[in-house]
Amino acid sequence: MLPAELLEEGQHLMAVCNSCRYCEGFCAVWQAMETRTVFDEKDLNYLSNLCHNCSECYYSCQYSPPHEFAINPPKTFAKLRVYTYELYAWPGPMAKAFHKNGIKVTMLTVLILVAVMTCASFVLGGQLFMTVHDGNFYKIVPHAVMSIAFAVVGTFSALALLLGFLRFWRNVGESYSTLAKPGALATAAKDIFTLVNLDNGGDGCSYPTEKSSEALKWFHHVTFYGFLSCFIATTLGAFYYFVLGQHGPPAFTSLPVIFGTVGGIGLIVGPIGLWVLMQRRNEEIVDKSQNGMDLSFIFLLVAISISGLLLLVLRQSAAMGSLLLIHLSFVMTLFLTMPYGRFVHGIYRSGALLKWSLERSRQPKAKPAA
Amino acid sequence: MINDLSGFDVLVVGGGNAGLAAALSAREGGAKVLLLESAPQWFRAGNSRHTRDLRCMHDAPTPVMSGAYTEDEFYKDVLSVTQGKTNEHLARMTIRASTECTAWMGSYGVRFQKALGGTLQLGRTNAFFLGGGKAMMNAYYDAAERVGIHVVYNAEVVALSVTDGAFQSVTALIEGKSTTVSAKAVVVASGGFESNLEWLKEAWGPMAENFLIRGTPYNKGKVLKCLLDLGLESISDAKEGHMVAIDGRSPKFDGGIVTRLDCVSLGIVVNNKGERFYDEGEDFWPKRYAIWGRLVAEQPDQVGYSFIDSKTMGKFMPTLFPPHRANTIGELAQALKLPVGQVEATIKAYNDAVQPGTFNHETLDDCKTTGLKPAKSHWALKIDKPPYYAYPLRPGLTFTYLGLMVNDRAMALMKGGDRTKNIFAAGEIMAGNILGMGYAAGIGVTIGTVFGRIAGREAAMQALHPTSASVVVPEVALHAAS
């Protein structure tokens, strides 16, 4: 259940904003709000995930604190969002993972790392530090072990994310049949890939501080496309192995290595950039209880990328075995925590953008002004 | 922290739209500019913080306004809202200069919504700030910092020293400490006196106690009063201003736009005796909301109650406060502590007088009453479908028009029409020159921007080149002939 005081805070926010509407030029949240007069929990769940946290509205607001109406849209939406992450989590009891998420993810990271290294020491002994001259990872961890482990965990996480998405979709009042509208999907994809809601027509937004900046958009792009690039690299690697039958380590000039390297660099630059912005952001608009969730997610992405790039460079050295296990431990933790950490924002925000795209297509065409 | 406040060429009093336009213009003219703002930083910018748009003449569509809005149409609108109480020369000058406003504001970082984005039907005549007035003022203040204008907050000007029409200095309470600040020229852009309850009571009598002030609590009118006492010529009247009927539950000050209630023309309005007092359907609400403040102010205890039923619920802009609601008129009247029998009788008499018609809130439709006093001429539907809803109304004062008489160089005039030497006025403190009464959406920001720019330019000229300033620029027509 949404805590009563948070529901009230969200409804107060909407009452003020919907009778003001000065922010309607900023982003999708306000345009979606204007099509509503009643704000139930499901509306708040939708709108809070539609919010990209650009904070333009906060600085433009004549009713933000210390005004007696004291509204703070970015902060209220942030608080609502984390509640929706709990609401949609699958399986249900995993909702608890979002409480003190940073500590839990960190503990899991350490646990997996220790467990993997301990097991490897027992199984491999001195072999862990042997030099594999062709850089073949599978001499350390057999391919079957690696692929089965990640296939199982990956499938579970993908399923959890999918079910979370469907729970969101039903909760905000959509039916499964509305998922497959090509036009709406295309518009939503454009909004997702361009982050148009963080842009204001090229002006950027008010994050990390009031001054207009495009930093959030670009660091998010670098992170997002870095992630995508790594995903492509992994998929290509699997394709090379299973379809093309190339069982050796891919060449430095091969597509999986190129995509992985580019993506890895993106996943170092992007998340560190986002971390720097976090240090500079205005604390007034932040739900500080979520800092741990952000930091642990950023840490994992950067740790995976650094260990992965080191692994590439040092794959013919004696450090390869340990680096590989460290890298795989981080990746395993990420896979396990994707449905229960900051990663889910992408799932629900994409869902919210798809719903917004559908809502726009359902609206009667606006009459041009006389 | 009080830095050295000496050595400035131009002093601007008041940090709203007009003040910033003046400060930036004076800086363009090469002057060293000091701006004193009475509010703390968050509450800066007076009523400009609550604005949303400005009205601009344009002969063809612009990126931020559709269609055309010609000088003549604009002037006709001014004549219509002021019922002729305007200075045609100043009004037309303002209208013509309004064509440059959005580009000039844009050059200082003010952003506008695209032409079709407006909520209201004002996309043709008015340009809307992206994010509203506070966003506009944030951009201005950032620009002021960039170009080196010295801004001091919590600096309330309480007195001015003027000798033979020449400004000498001001006395300001800066962080509560009395400080004398002199400059070669001054622009007063300190607004009206709407938040000065004592002055309002002087003008309106005890009823002013019950007015709500929609705008800033910082417009006390101290600068205006001081200058009028020093023998400057006034314009308009202390009772003139923009007063609308707003939700009676709004805060005493600073409620702004969200206090708006748009349901009056959809139902009926009674006073606290349970009686109707004016034709709620006389004309479109945007053309009538400005008179309803006064109508409610004239009722006992300065309250009114708008009653509607389920048929019209939701056909107007959402309200900040939820309506009172009940399944019978009697229960609703009781909840509002109104005389139940009289309210029931009023609504029965109204319902009996309603004629059949085709309801259309977008036109002056044929739904009206017959034989009822006062009549309801349009949108008269029976109030008969429960649940019933009611909103309390109170007069909401936005700004006042009593001000300083100026010429077309924004120069304040002495009684009798002589020019002051270095005192310029912009914004609400002189808006009465153009708006003797009435209001048209967005025109306040237009006057503030146009006169702010002129005042800043002229003040810089006066401060830096006093001889040429008074000789070179010929003074065209003066003030209202009336």
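Chain A of this predicted model has 13 helices and zero strands, where helices (H or I, at least four residues) and strands (E, at least two) are DSSP runs numbered from the N terminus. The radius of gyration of chain A, taken over C-alpha atoms, is 23 Å, close to the 21 Å that the globule rule gives for 370 residues, so chain A is as compact as a globular protein of that length; the rule is 2.2 Å times the number of residues to the power 0.38. Along its principal axes, the C-alpha trace of chain A spans about 75 × 40 × 40 Å.

This is a predicted model, in which local features need pLDDT of at least 70 and side-chain atom pairs count only at pLDDT 80 or more, while totals for chains, interfaces and linings use all residues. Residues are numbered from 1 along each chain as its sequence is written, and chains are lettered from A and ligands numbered from 1 in the order in which they are written.

Chain B is divided into domain 1 (10-238 + 401-472) and domain 2 (244-396), with bounds that come from an automatic or database domain assignment, and the C-alpha centres of these two domains lie 35 Å apart.
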